[in-house]
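Let's take a friendly walk through this model, one piece at a time. Keep the structure open beside you as you read.

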Amino acid sequence: MSTQGGPAGNLNVGIYVGHEMLAAVPEDRRDDYLRMVKEISDLKYQLGVEVARQLPRLFEERDDAAIERYLDQVREIAKIGWKSGVEVARQLPDLYHAPDATLADAYVEIVADATMGAPEDDETAGYAAELDTLDQKLRAIEPMHQRQQELKSLLATRDRRDERRRKNAQELAAALPPILARLRPRHREVYLRAVRRVAAADPEAALEAANTLLEVLNSERLSHDGAAEWTRRGLEVLEKNREVGRGYFRMGSKFSLQVLEELREGLALRQVARVLKLYATALSGRDVAVRGLDEMDTVDRFGPDHIILPSDMRFFKDDDRNFTAYKVAAAHGAARIEFGTYRFQLDDVPDTVAALTDRYGMVPR
Amino acid sequence: MAVKTQRMEDFRLEAEPYYLPLGNEVELFQAAYAAHLPVMLKGPTGCGKTRFVEYMSWKLGRTLVTVGCHEDLTASDLVGKYVLRGDETVWQDGPLTTAVKAGGIAYLDEVVEARKDTTVVIHPLTDDRRMLPLEKKGEVIKAPDEFMLVISYNPGYQSVLKDLKHSTKQRFVALDFDYPLPDAEETIVMQESGVDAETAGKLVKIAAKVRNLRTHGLEEGVSTRLLVYAGQLITGGVEPTVACEATICRPITDDLEMQRSILELVNTQF
């Protein structure tokens with residue numbers, strides 16, 4: 001029950017005072033009752049509980065002197081030992097009604113002596129003083145102890161992070177060689193520089209960056225400068241938030257895609273290679289292969305049935321006109337293939353002269 | 001709406017269909033007709049096979065019964081069947097029987113699409129017996145001298161499962177058709193669609209280029225028929241690139257990159 005309203009409403013004794021206890025106290029004395037319970041319970045909670053139980057019968061008798069005496073004696077014993085005080089608080093009201101009026105006082109004295117014991121000797125006093133000194137010293141170093149715990153916790157967190165970092169670095173070490181094998185040689189320098197920067201910041205993000213950069217560079221979606229800028233912006237994100245940064249390098253964030261689109265220059269051949277191949281094949285009537293300039297090391301530039309085109313077309317700002325530029329180049333290549341520009345062989349010169357002579361007459365000297 | 005019953009005479013072509021001979025196909029067909037031999041027309045879609053048969057039927061003065069074959073077409077559909085009419089069961093001739101009886105030209109278009117049992121009724125008509133057995137009626141009809149059987153098929157997209165058997169193929173005089181040479185095709189497009197020579201020339205050039213893609217993902221090239229469609233749309237006021245996109249790019253492929261490359265060829269011309 002909790003007390004409500006009036007002066008008693010401010011006393012937090014509801015947990016000790018039962019409804020029936022308060023009802024047993026005359027209404028005009030209830031505030032006094034609650035104040036007394038509160039005062040005693042401030043000494044010790046258990047004392048308050050017992051006093052709350054015993055006081056109503058004293059209030060019923062309307063003997064203020066007895067109430068005052070009761071509280072004094074409870075306080076006296078409680079100062080020496082609260083457990084004895086609880087017992088005294090329970091027994092005293094009965095003793096007040098004994099035929100011998102001195103019995104209660106004698107009881108309190110006996111309990112007080114028993115609880116207090118003999119006066120302290122020098123040795124005990126010395127122990128107490130030493131303990132008091134140690135307590136003071138320990139209290140003085142308490143902030144240092146707290147700091148020690150904080151530092152331990154901090155270092156443990158960092159240890160775990162370092163452990164995770166080493167694990168991710170190991171995974172990166174295993175994953176990188178096959179990725180490097182797929183990387184076109186001309187992208188190697190810019191790729192390695194970018195991956196190294198990300199790896200120094202966060203190996204887990206570096207693993208994501210290694211895959212994404214391989215894709216965007218090999219597919220010519222970004223120039224070398226564009227790839228470096230895309231990496232730089234990702235590192236800024238990574239510095240602010242590791243998880244978001246990893247998402248950026250995984251190309252899993254909207255911002256990452258936005259940056260990629262912003263940095264993309266020109267039209268990649270890969271995007272339109274098949275359309276151009278079909279276009280050139282249709283124009284020339286030959287099975288034409290379209291190759292990027294970056295594949296020059298594997299094909300003959302003047303081969304009879306392939307057209308070499310730039311890996312990306314950046315003459316114009318829009319894709320449509322860049323595609324038209326590709327188309328012009330492909331049409332030129334298709335014409336070369338159709339009409340055999342590079343089919344000419346020096347060994348064939350004598351036959352060619354003979355054929356031209358037959359067709360157009362003698363060549364003038 | 002009342003159904004108007006068509007008479008055999010309705011199948012006789014009154015006006016001369018436009019046809020530009022591309023070789024000796026007219027003479028060969030006439031010779032086959034005179035010798036009572038069946039003819040097989042081979043060639044890609046839309047190259048003029050049907051128009052050729054129409055032209056020849058007009059030229060020979062024979063009625064023409066055309067049957068577009070499909071995978072559910074049975075021998076009964078060709079020769080005829082008993083049908084319920086009121087309280088009676090009456091026999092109704094199929095188109096092949098009609099053509100035989102009338103001494104006309106029966107043209108089975110894309111015959112390879114029809115069910116296999118159709119060969120049972122075709123074979124006796126294609127050798128020296130020249131007869132049509134009506135199994136359900138227990139009758140055999142002797143084809144008159146004027147009757148001629150013509151079939152067509154497109155070897156370009158027939159699979160192993162859907163090809164004519166040799167026992168069937170070797171009963172016909174075969175005439176090969178292909179897309180006309182540029183000059184002839186230009187003339188045909190002009191004649192059929194009403195476009196001017198320059199536009200027809202451009203359409204034919206586009207077609208020639210697109211046909212180069214036949215082994216690169218296109219099952220068939222652009223047919224002359226589609227060029228005529230394109231010309232007709234252009235004559236009707238449709239912008240040439242839009243007309244070509246609708247009649248050339250889209251019908252022949254669903255491959256978006258292929259469509260784009262064809263559209264680029266169109267853009268090169270228009």
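Which strands of chain B does helix α2 (residues 49-60) lie across? This is a predicted model, and in it helix α2 of chain B lies across β1, β2, β5 (105-109) and β8 of that chain. Relative to β5(B), α2(B) runs at about 175 degrees.

**The sheet of chain B**

Those strands belong to an open sheet of 5 strands in chain B, in the order β2-β5-β8-β1-β9. The pairing in this sheet is parallel. At the edges you will find β2 (64-68) and β9 (173-176) of chain B, each of which pairs on one side only. On average, neighbouring strands are turned by 20 degrees against each other, direction ignored.

Take one pair as an example: β1 (residues 39-42) and β8 (residues 148-153) of chain B pair in the parallel sense over 4 bridges.

| Helix of chain B | Lies across | Angle |
|---|---|---|
| α2 (residues 49-60) | β1, β2, β5 and β8 | about 175 degrees to β5(B) |

**A helix pair in chain A**

Now over to chain A, where helix α8 (residues 188-201) and helix α9 (residues 203-218) pack with their axes 7 Å apart. How are these two helices oriented to each other? Their packing angle is about 160 degrees, and α8(A) and α9(A) are therefore roughly antiparallel. The crossing of α8(A) and α9(A) is right-handed.

On the α8(A) side, the contact is made by A:Y191, A:A194, A:V195, A:V198, A:A199 and A:A201. They meet A:P203, A:A205, A:A206, A:A209, A:A210, A:L213 and A:L217 in α9(A). By residue type, this contact has 13 nonpolar, no polar and no charged residues.

**Where the chains touch**

Finally, let's look at the contact between the two chains, which takes 11 residues from chain B and 9 residues from chain A. On the chain B side, α8 (197-211) and α11 (256-269) each supply at least two residues. Helix α11(B) gives the most to that side, with 6 residues. The residues of chain B that touch chain A divide into 4 nonpolar, 3 polar and 4 charged.

Technical notes: Residues numbered from 1 in each chain as written. Chains lettered and ligands numbered in written order. Predicted model: local features only at pLDDT ≥ 70, side-chain atom pairs only at ≥ 80, totals over all residues. Axes fitted to C-alpha atoms, helices over the stretch in contact; angles between N-to-C directions. Parallel < 35°, antiparallel > 145°, perpendicular 65-115°, else oblique. Left-handed = near helix turned anticlockwise from the far one by under 90°. Contact = placed C-beta atoms within 7 Å. Nonpolar A, V, L, I, M, F, W, Y, C, P; charged D, E, K, R; others polar. Pairing = 2+ DSSP bridges.
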